[in-house]
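Student: I have a new structure to read. Can you walk me through it?
Tutor: Gladly. Here it is.

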Amino acid sequence: MTYTAKQFNLPALEGLSEKQIKVHLGLYEGYVKNVNLVMATIAAYEQTDDEGGKYAITELRRRFAFEFDGMRMHEYYFEQFEGEKGGDRESALAKAAEEKYGSGENFITHIKEVAGTRGIGWVVVYWDPHGKTLHTVFVNDHELGQLAGLPILLALDMWEHAFMVDYVPAEKKNYVDAFLANLNWSVVEKRFDLSR
Ligand SMILES: [Fe+2]
């Protein structure tokens with residue numbers, strides 16, 4: 001099988017230019033292309049007895065999560081901007097956020113705080129169905145440091161390519177504000193409802 005890049009139905013975004021989004025979508029499509037390339041190259045090497053090919057397979061297997069997670073994380077990211085912006089203060093997610101962080105406002109403050117972590121990476125909000133709690137984590141490299149098996153509710157891209165067309169690094173906070181202003185909380189709530 002091969003993966004196909006998703007087409008996102010994005011509304012006009014506040015504080016994130018069309019050029020910024022276009023550049024970022026191009027980067028996402030590069031991940032999709034490389035996921036397919038890694039799978040096809042492994043399959044091709046498997047047909048040979050070449051010693052170098054066998055060695056290359058082991059490295060490609062290591063590389064797979066970098067390309068796959070890069071693809072999937074961007075799908076989580078862009079899907080969050082789709083649709084009419086909504087969000088229900090009485091939702092099950094709002095209740096879980098209140099339980100963990102004290103209030104919905106505190107939850108947002110916490111996301112912003114985690115987004116301020118130095119370096120590139122992702123802010124990822126997960127739901128742990130076993131512990132019945134939310135976790136807001138800074139994932140440095142998307143192929144490393146993810147919480148095993150936990151459903152992803154929210155993904156905030158903090159790699160510089162996500163904002164450098166519109167903001168310099170010192171304005172990272174403004175990018176986070178723009179992300180939150182455009183975030184369709186209904187998408188996050190739906191993910192939460194499906195994860196429980
Ligand atoms: Fe990105």
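Student: What do the buried residues of α6 pack against?
Tutor: Contact means heavy atoms within 4.5 Å. By that rule, the buried residues of α6 pack against α2, α3, α4 (104-115), β1, β2 and β3 (152-157). This is a predicted model: local features need pLDDT of at least 70, side-chain atom pairs count only at pLDDT 80 or more, and totals for chains, interfaces and linings use all residues. Residues are numbered from 1 along each chain as its sequence is written, and side-chain values use heavy atoms, leaving out hydrogens and water.

Student: Which residues of α6 are buried?
Tutor: Buried means under 20% relative accessible area, exposed over 50%, and partly exposed in between (1.4 Å probe, protein chains only). In helix α6, residues 185-195, the buried ones are Trp185, Val187, Val188, Glu189, Arg191, Phe192 and Ser195. Across the chain, buried residues make up 42% of the 196 residues.

Student: How many helices and strands are there in the chain?
Tutor: Helices (H or I, at least four residues) and strands (E, at least two) are DSSP runs, numbered from the N terminus. The chain has six helices and three strands. Along the sequence the pattern is α-α-α-α-β-β-β-α-α.

Student: What happens at the start of α6?
Tutor: Look for a polar contact: a pair of N or O atoms within 3.5 Å; within protein, one must be able to donate a hydrogen and the other to accept it, and residues adjacent in sequence count only if both atoms are side-chain atoms. Here a side-chain oxygen of Asn184 comes to within 3.0 Å of the backbone nitrogen of Ser186.

Student: Where does Gln80 lie?
Tutor: Gln80 is in the loop between α2 (51-79) and α3 (92-101). Is Gln80 buried or exposed? Gln80 is buried, because its relative accessible area is 0%. A polar atom of the Gln80 side chain lies 2.8 Å from the backbone nitrogen of Ala155. Not counting residues up to four places away in sequence, Gln80 touches several residues, including Asn184, Val187 and Arg191.

Student: What is the phi of Lys132?
Tutor: Most residues other than glycine have a negative phi. Lys132 has a positive value, near 50°. Lys132 sits in the loop between β1 (122-128) and β2 (133-139). Lys132 counts as exposed, because its relative accessibility is 56%.

Student: What does the C-alpha trace span along its principal axes?
Tutor: The C-alpha trace of the chain spans about 60 × 40 × 30 Å.
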